[in-house]
Amino acid sequence: MGILIISRRRFVLDSVMSWAALALGGCDRLSESRSFRSNLAAAELLTLRGQRLLIGQSLAREYSPRELSREFPANGTIAPPDEDYQTLAADGFRAWRLVVDGLVDRPASYTLAELRRLPSRTQITRTDCVEGWSAIAQWTGVPLRLLLLSSGLKPKSRYIVFHCADTLEGIPVKGGDERQGRYYESIDLIDAFHPQTILAHSMNGKPLAIAHGAPLRLRLERQLGYKQAKYVMRIEVTERLDHVGGGQGGFWEDRGYEWYAGI
Ligand SMILES: Nc1nc2c(c(=O)[nH]1)N[C@H]1C(S)=C(S)[C@@H](COP(=O)(O)O)O[C@H]1N2
Ligand SMILES: [Mo]
């Protein structure tokens, strides 16, 4: 028993000392110890992934109502040309369903009314578009993590893919079926569980307009505008991204943009 206590204490001490040494820029004697070496491996992992983790888990700035933009540009698709979408829109999205499927224990589908009744988050944030504009709006919606927890992620899940209703016309896609032209985006689980990652049904206190992605769009506040998928129809949990669209994880990613659009 006594030995166990000592070794535990030593372990804790070793770890603390090793981290202190790392923080101070290293120490020869400690580098001989086993726990130091295992912590060094951890530190290397940190340099590989640390920036991603730290940026991913910090909150995006939120603004005050006074800072709301008077004009908020609508970009990309502003009126989906797709017949199936237009049929849904003509009926006030009553027949619309959000599907959650893929690597989940309990695939689900939600009406807009059901989503509106779920717990929501409201945030005033800034959108930055690569085309050179920024605008501030208030978004209200369901935290994505609630839907994912409710469906239950299978162990192999890594990515969340957002399948959208709109075919973005005039931008050539390589080969493939008709669905390949529809907008899609994807994020990893870290971003999916971020507290500000929501599926917004309202903008500035009103139901989302068609130009801004009605009836439901993603808000992913630490990343650029093109990741904020509008007209979301289906949320697919996957292990890989290569079966979707051109395989680069997003409509614009298939055309050369970065998948990780952190700002
Ligand atoms: N489905 C879909 N989502 C989309 C787009 C699009 O064309 N289709 N454009 C993206 C781009 S480039 C930007 S900047 C934002 C614009 O959102 P907004 O129209 O609400 O300003 O939506 C993003 N999400
Ligand atoms: Mo954009």
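Of the 21 residues around ligand 1, those that come nearest are Pro73, Thr77, Asp166, His212 and Lys230; a residue is near a molecule if one of its heavy atoms lies within 4 Å of it. This is a predicted model, in which local features need pLDDT of at least 70 and side-chain atom pairs count only at pLDDT 80 or more, while totals for chains, interfaces and linings use all residues. Residues are numbered from 1 along each chain as its sequence is written, chains are lettered from A and ligands numbered from 1 in the order in which they are written, and side-chain values use heavy atoms, with hydrogens and water left out.

**Around the ligand**

- The shell around ligand 1 is made up of twelve nonpolar, six polar and three charged residues, where Ala, Val, Leu, Ile, Met, Phe, Trp, Tyr, Cys and Pro count as nonpolar, Asp, Glu, Lys and Arg as charged, and the others, Gly among them, as polar.
- Pro73 has a polar backbone atom 2.7 Å from an oxygen atom of ligand 1, and for Thr77 a backbone N or O atom lies 2.8 Å from an oxygen atom of the ligand.
- Arg217 uses its side chain instead: one of its polar atoms there lies 3.0 Å from an oxygen atom of ligand 1.
- On its own, ligand 1 has 530 Å² of accessible area, and the protein covers 99% of this (Shrake-Rupley method with a 1.4 Å probe).

- Lys227 is found in the loop between β9 (217-219) and β10 (232-238); strands are DSSP runs (E, at least two residues) and helices are runs of H or I (at least four), numbered from the N terminus.
- Lys227 counts as buried because its relative accessibility is 1% (buried means under 20% relative accessible area, with a 1.4 Å probe and protein chains only).
- A polar atom of the Lys227 side chain lies 2.7 Å from the backbone oxygen of Trp259.
- Tyr231 also has its place in the loop between β9 and β10, and its phi is near 50°, a positive value in a residue other than glycine.
- With a relative accessible area of 1%, Tyr231 is buried.

**Backbone details in other loops**

- The peptide bond from Ala214 to Pro215 is cis, with omega near 0°, and Pro215 lies in the loop between β8 (206-207) and β9.
- Phe93 has a positive phi, near 65°, although this residue is not glycine.
- The loop that holds Phe93 runs between α4 (83-90) and β1 (98-102), and at 10% relative accessibility Phe93 counts as buried.

Notes:
A polar contact is a pair of N or O atoms within 3.5 Å; within protein, one must be able to donate a hydrogen and the other to accept it, and residues adjacent in sequence count only if both atoms are side-chain atoms. Buried means under 20% relative accessible area, exposed over 50%, partly exposed in between (1.4 Å probe, protein chains only).
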